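This report covers charges, surface patches, backbone geometry and chain separations in one protein model. The sequence and structure come first, and the notes follow.

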Amino acid sequence: MAFVLNDRVKESSTDTGTGTFDLAGAVNGFETFVAGIGNSNTTYYAIVHQTENEWEVGFTTVTDGSPDSIARSDSNVISSSNSDNMVSFAAGTKHVFCTAPGSKVLIEDNDNDVTVG
């Protein structure tokens, strides 16, 4: 298992609730988590509901299955619309994508000073 970040990894999902999130395939112009991150690898993710004010950013493990999925747990949530706790997502379409959370990146400003998120 390796930690992987990759560009243009984005899938849709209609899963609800908390816990493991089933993925429904790549959004047009993007690739799947299994293709871009790899089975059993870990990455940062974001889930954004397309019609409700629900979102979550965290750390996950990718599983190649039928369907493919990402693992979710309250201890791996970095930020969310639920006071930074796991979101119990409502019905409807969500976009799930690979992201680099602001609190986890190194930033070099215009003065060449480097800070950690």
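## The nonpolar patch

L106 is found in strand β8; strands (E, at least two residues) and helices (H or I, at least four residues) are DSSP runs, numbered from the N terminus. The structure is a predicted model, in which local features need pLDDT of at least 70 and side-chain atom pairs count only at pLDDT 80 or more, while totals for chains, interfaces and linings use all residues. Residues are numbered from 1 along each chain as its sequence is written, and side-chain values use heavy atoms, with hydrogens and water left out.

L106 has a relative accessible area of 64%, so this residue is exposed. On this scale, buried means under 20% relative accessible area, exposed means over 50%, and partly exposed lies in between (1.4 Å probe, protein chains only). Together with V114 and V116, L106 forms a nonpolar patch on the surface, and the accessible area of the three comes to about 330 Å². Patches are made of residues with over 30% relative accessible area and no salt bridge; nonpolar side chains (Val, Leu, Ile, Met, Phe, Trp, Tyr) are joined within 5 Å and like charges within 9 Å. Accessible areas come from the Shrake-Rupley method with a 1.4 Å probe, and for residues only the protein chains shown count as cover.

## The negative patch and its loop

Which residues form the negative surface patch? They are E108, D109, D111 and D113. Asp and Glu count as negative and Lys and Arg as positive, with His and the chain ends not counted. The place of a charge is taken as CG of Asp, CD of Glu, NZ of Lys or CZ of Arg.

D113 lies in the loop between β8 (106–108) and β9 (114–116). With a relative accessible area of 44%, D113 is partly exposed. N112 also lies in the loop between β8 and β9. N112 is exposed, at a relative accessible area of 54%. The phi angle of N112 is near 65 degrees, a positive value in a residue other than glycine.

## Buried charges

The model has 1 salt bridge, defined as a side-chain nitrogen of Lys or Arg within 4 Å of a carboxyl oxygen of Asp or Glu. E56 and R72 form a salt bridge through their side chains, at 2.7 Å from N to O. This pair links distant parts of the chain, 16 residues apart: E56 is in strand β4, and R72 is in the loop between β5 (69–70) and β6 (77–80). Strand β4 spans residues 55–63. E56 is buried, with a relative accessible area of 0%, and R72 counts as buried at 7%.

E11 lies in strand β1.

## Backbone geometry

S66 and P67 are joined by a cis peptide bond, with omega about 10 degrees. P67 is in the loop between β4 and β5.

S40 has a positive phi, near 70 degrees, and is a residue other than glycine. S40 is found in the loop between α1 (33–36) and β3 (42–49). S40 counts as partly exposed, at 36% relative accessibility.

## Separations along the chain

M1 is found in the segment before β1 (10–13) and counts as exposed, at 77% relative accessibility. The C-alpha atoms of M1 and S40 are separated by 5.7 Å, with the two residues 39 residues apart along the chain. S80 and S40 are 40 residues apart along the chain, and their C-alpha atoms are separated by 24 Å. S80 is in strand β6 and counts as buried, at 6% relative accessibility.

N41 is found in the loop between α1 and β3. N41 is buried, with a relative accessible area of 16%. Between the C-alpha atoms of N41 and T18 the separation is 21 Å, and these residues are 23 residues apart along the chain.
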